[in-house]
Amino acid sequence: MRGTEAIVKTLIDENVKHIFGLPGGRVMPLFDEFLNYSEELRHILVRHEQGAAHAADAYARVTGKPGVCVTTSGPGATNLVTGIMTAHMDSSPIVAFGGQVPISLIGNDAFQESDMMGITSPITKHSFQLRSPNMIRSIITKAFKIALNGRPGPVYIDLPDDVQKGEVTREVRDTHILGFRTITQGHPRQIKKAAKWLLNAERPVIIAGGGVLWANASNELHQLVEMLNIPVTTTFMGKSCFSEQHPLSLGVLGLHGRKVANYFVDNSDLLIAIGCRFSDRVTGDLESFGKKSRIIHIDIDSAEIGKNVRVDLPIVGDARRVLQQLITVLTGMAQKDNSEWSEKVKRFVKECDCNIDIEGNPIDPRRLLFELSKVWKENDIITTGVGTHQMFCAHFLKISKPRTIISSGGAGTMGFGFPAAIGAKIAAPNVEVFDLDGDGSFQMNIQELATAKEEHIKVIAVIMNNGYLGLVRQYAELFFDKRYSGVHLNRTPDFAKVAEAYGLTGYTVTRPDELAPILQEAYNSDETVVVDVHVQEEANILPMALPGGNLTNMFGGCIETKGQLFKGA
Ligand SMILES: Cc1ncc(C[n+]2csc(CCOP(=O)(O)OP(=O)(O)O)c2C)c(N)n1
């Protein structure tokens, strides 16, 4: 058996059905093999390798299974780096393959050689270099195991040319990884203690992070909330793990979070953080975060516990397993009436329910979200770029089904949205996928329109076009005396015409009354559509807390808040 055949067969055995990539000299043997297995394994040709990594990443976020991408050596492989780092920061399992020069040339500065082991090691869970065709099955199987088990994350595999071309003479089948052990069950004593704390707390709040989604623990989370009437806030990465239509949903917390979420987190006496890593975007000032509360931290990655915040009760384990354990223990205990707390939360949640049906021309970004929400169905998926448009989504969009919002949180990678939409659509062909993007972010991977056209992948790109690198402009306005340096996008192309140039349909929207019919038309279309929505140029995403400041010290925004939210609270 050829090395390339062993690669493809192992991928098929790992249930891989799609692979995103772009070829070059050092990966041609593998691409040649793809032709022999095109029925089982569909290769999707992207136009830039970064797009392949983001598509694989989004595929993983939608399915919960590793996404796979493949590139040639040197610049092909280095073009993956931003995508691998993005997946790493958001704990997304991808397996990325890069071609490599033959083993005998490694270290010679051969044509298109790059030290991908060195480059990827800080941004992956593990990097492998295949050094013998006999090791192919063993290493690829291990790579999938590592990517998915425990805290998920990316794995890189370097594929020297001669290993691809070589013969498998004695296949190594060992897939055991020495020292790789994941703790999934929470310690029973800690679980009991957590249950007691939960029942004794006067003002408990759950903070749910991306780990809840990766563990498929949304049902258990809802169950726990029904049982105890505890409010839930999510991190941006956890958004969608708890229905934001639920009366006890506080929405997203943090720097650009909702006032009501930040307020209740700050005033709770018990925080139960599940699968969240307490990023600086979530905590703000670490000195004052959680000052009034005890903190229970449930996480599969023990290294996260105590890393950023003081933890009073650590529980290492899989979020779903631990929640199941907690529910079992709590079932046997006398429940406490905490209706005073939960009613207060519900009242404040209602008060903080902002109006996003905003009139006026130019279009307010919230108006776009309002119209979008009317068009899409709850199982449809939305991806985003990075900027104000992303934070408008985080703050104002109510998402109710798990894994339906896909965004680059930890890395904040502009250009993520559109290729991610492609990956999401491949993963979930029966729902509509929207990429809600910024005019800056969309231009960073605009070339993937060709991929969508050629591969008949239908997504709806909606561009919140403000003519600026909006979030940086906002920070310049707020923190640099409105001294705008390098934030105006003077030469933005006509996106509708760009879409047409790729053989697709494009629309330009400049008036609020055009939004509903055009979005509906885009929804009904069979092909990828670009909807370029011209919004207010200097719309700020507010309220916000000061970076590094106290979470409750938010300024701006909420002019539409009904009532005086925190007065006398
Ligand atoms: C690859 C990359 N480069 C630079 C940045 C810094 N950055 C953060 S937000 C932003 C502006 C984004 O502009 P746009 O996509 O138009 O979205 P808007 O804020 O206008 O909604 C920039 C430049 C980044 N996050 N990622």
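This is a predicted model: local features need pLDDT of at least 70, side-chain atom pairs count only at pLDDT 80 or more; totals for chains, interfaces and linings use all residues.
**Helix 1 with helix 2**
- Helix 1 covers residues 3-13 and helix 2 covers residues 28-36; their axes come within 9 Å and cross at roughly 60°.
- That angle makes helix 1 oblique to helix 2.
- On the helix 1 side, the contact uses Thr4, Glu5, Ile7 and Val8, while helix 2 brings in Pro29, Leu30, Glu33 and Phe34.
- Sorted by class, the residues of this contact come out as 5 nonpolar, 1 polar and 2 charged.

**Helix 3 with helix 18**
- For helix 3 (residues 49-63) and helix 18 (residues 417-427), the axes come within 7 Å, with a crossing angle of roughly 45°.
- So helix 3 also counts as oblique to helix 18.
- Helix 3 puts Gly51, His54, Ala55, Ala58, Tyr59, Val62 and Thr63 into the contact, and helix 18 answers with Pro419, Ala420, Gly423, Ala424, Ile426 and Ala427.
- You'll find 9 nonpolar and 4 polar residues in the contact of helix 3 with helix 18, and no charged ones.

**Ligand surroundings**
- Leu471 has a polar backbone atom 2.8 Å from an oxygen atom of the ligand.
- Tyr468 likewise places a polar backbone atom 3.1 Å from a ligand oxygen atom.
- On the nitrogen side, a backbone N or O atom of Met414 sits 3.4 Å from a nitrogen atom of the ligand.

Definitions and conventions. Residues are numbered from 1 along each chain as its sequence is written. Side-chain values use heavy atoms; hydrogens and water are left out. Axes are lines fitted to C-alpha atoms, for helices over the stretch in contact, and angles run from 0 to 180 degrees between N-to-C directions. Helices (H or I, at least four residues) and strands (E, at least two) are DSSP runs, numbered from the N terminus. Angles under 35 degrees count as roughly parallel, over 145 as roughly antiparallel, 65 to 115 as roughly perpendicular and the rest as oblique. Contact means heavy atoms within 4.5 Å. Ala, Val, Leu, Ile, Met, Phe, Trp, Tyr, Cys and Pro count as nonpolar, Asp, Glu, Lys and Arg as charged, and the others, Gly among them, as polar. A polar contact is a pair of N or O atoms within 3.5 Å; within protein, one must be able to donate a hydrogen and the other to accept it, and residues adjacent in sequence count only if both atoms are side-chain atoms.
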